[in-house]
Amino acid sequence: MGRYTLRRLLQAIPVFLGTTLIIYYLVWGLSNDPFAGKCGQRACPQSYVDLMTARLNLDDPVIVQWLKYLGGLLTGDFGRTFSGNEVSDLIANAAPISFRLAAVAVVFEAVIGILAGVVSGLRGRGFVDSLILVSTLFLISLPVFVTGLVVKQVFGVELDVIRTSVPTDPTAIDLLVPGLVLGSLSMAFVARLTRTSMMENARADFVRTAVAKGLSRRRVVVAHILRNSLLPVVTFIGVDLGALMGGAVVTEGVFNIRGLGGLIFTGIQRQEETQVVGVVVLLVIIYLVVNLVVDLLYAVLDPRIRYD
């Protein structure tokens, strides 16, 4: 396990370097005038242009700028915006909120999605199965921003049973409704994926062998069908965690949450390239770490999998 973990970490290095280079080039390398629009409709003062050019190394080739940026990342320096704010400070304030929101969404996605998928897969083609399929199809058909606006309007404005916006420093309780909205689409996919996997594994040879040995139905379902069915589900949830972190822009906007999604939105709106690059680089790191954890979980869920 230790050798496999080390090998995966080494494999993540070129992935990280490649993705950050592409991101950096798309943001900075394709920009003809990085100061366009920075000072409104008027041209920026030359003193300001010289200061920011030196601070952001804009006179260097893009590859040199990127290498210097990577050097700063090693010390936790994500750069500084044109307005003078440290991106690392902005991330430090916003990331915990997005982490809590994503965690709440993943809990809803995993618990409700897996439970619905298990019930649907075990019940077969009956009323409960049809109800779950129709409900998940309804959630998949709705964009997350539509779900969020409907929930906010109906339950927040008309019924007044939830807050229409969350506090500046929200707790996990404050993020229950936004988390449910954010995880609703993925929850539907998890339910359908679990259902399909359960039905496939229920017909597998090892399940028939377990039944023939006289094992109880509960043990067959939990130890054999469910455990093997969770492998693709864990993969989906693990990859989706990174997507939830980056895809929370709309949900955070609907419920006025000041997280990483808000940083990306304001960074694009205000043309703060360093801010956008910093947040996206952080999301890349989260993706790589989550994928490693998911791969290591395979050995826990399936004893047939061993890493040398």
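Trainee: Which helix is Glu273 found in?

Mentor: We're looking at a predicted model here. In it, the chain's secondary structure comes to 12 helices and 0 strands. Glu273 is found in helix H12.

Trainee: Is Glu273 buried or exposed?

Mentor: Look at what sits around Glu273 first: leaving out residues up to four places away in sequence, Glu273 touches Val27, Trp28, Pro34, Lys38 and Phe82. Its relative accessible area is 14%. The cut-off for buried is under 20%, so Glu273 is buried.

Trainee: What share of the residues in the chain is buried?

Mentor: Some background on the chain: its C-alpha trace spans about 80 × 60 × 30 Å along the principal axes. Among contacts between residues at least 6 apart in sequence, 76% join residues at least 24 apart. Of the 308 residues, the buried share is 41%.

Trainee: Which residues have the most contacts inside the largest nonpolar core?

Mentor: That core has 58 residues. Helices giving two or more residues to it include H1 (2–29), H4 (87–123), H11 (260–269) and H12 (273–301), and the largest share, 11 residues, comes from H4. The residues with the most contacts inside the core are Ile91 and Leu260.

Trainee: Which residues is Ile91 in contact with, leaving aside its neighbours within four places in sequence?

Mentor: Ile91 is one of the H4 residues that meet H11, and on the H11 side you'll find Leu260, Gly261 and Leu263. With the sequence neighbours left aside, the list for Ile91 is Phe78, Pro96, Leu260, Leu263, Gly278, Val279 and Leu282.

Trainee: How many nonpolar residues are in the contact of H4 with H11?

Mentor: From H4, the contact uses Leu90, Ile91, Ala94, Ala95 and Ser98. By class, the contact has 2 polar and no charged residues. That leaves the nonpolar ones, which come to 6.

Trainee: Is the crossing of H1 and H3 left-handed or right-handed?

Mentor: H1 and H3 pack at an angle of about 125°, their axes 10 Å apart. That makes H1 oblique to H3. Among the residues making the contact are Phe16 and Trp28 of H1 and Trp66 and Tyr69 of H3. As for handedness, the crossing is right-handed.

Trainee: What is phi of Asp160 near?

Mentor: Most residues other than glycine have a negative phi. Asp160 sits in the loop between helix H6 (144–158) and H7, and it's exposed, with a relative accessible area of 60%. Its phi is positive, near 55°.

Trainee: Where is Gln271 found?

Mentor: Gln271 also has a positive phi, near 60°. At 35% relative accessibility it counts as partly exposed. Its place is the loop between H11 and H12.

Technical notes
Residues numbered from 1 in each chain as written. Predicted model: local features only at pLDDT ≥ 70, side-chain atom pairs only at ≥ 80, totals over all residues. Heavy atoms only, no water. Core = buried A, V, L, I, M, F, W, Y, C linked by side-chain atoms within 4.5 Å. Buried < 20%, exposed > 50% of the residue type's maximum accessible area, 1.4 Å probe, protein only. Helix = DSSP H or I, 4+ residues; strand = E, 2+ residues; numbered from the N terminus. Contact = heavy atoms within 4.5 Å. Axes fitted to C-alpha atoms, helices over the stretch in contact; angles between N-to-C directions. Parallel < 35°, antiparallel > 145°, perpendicular 65-115°, else oblique. Left-handed = near helix turned anticlockwise from the far one by under 90°. Nonpolar A, V, L, I, M, F, W, Y, C, P; charged D, E, K, R; others polar.
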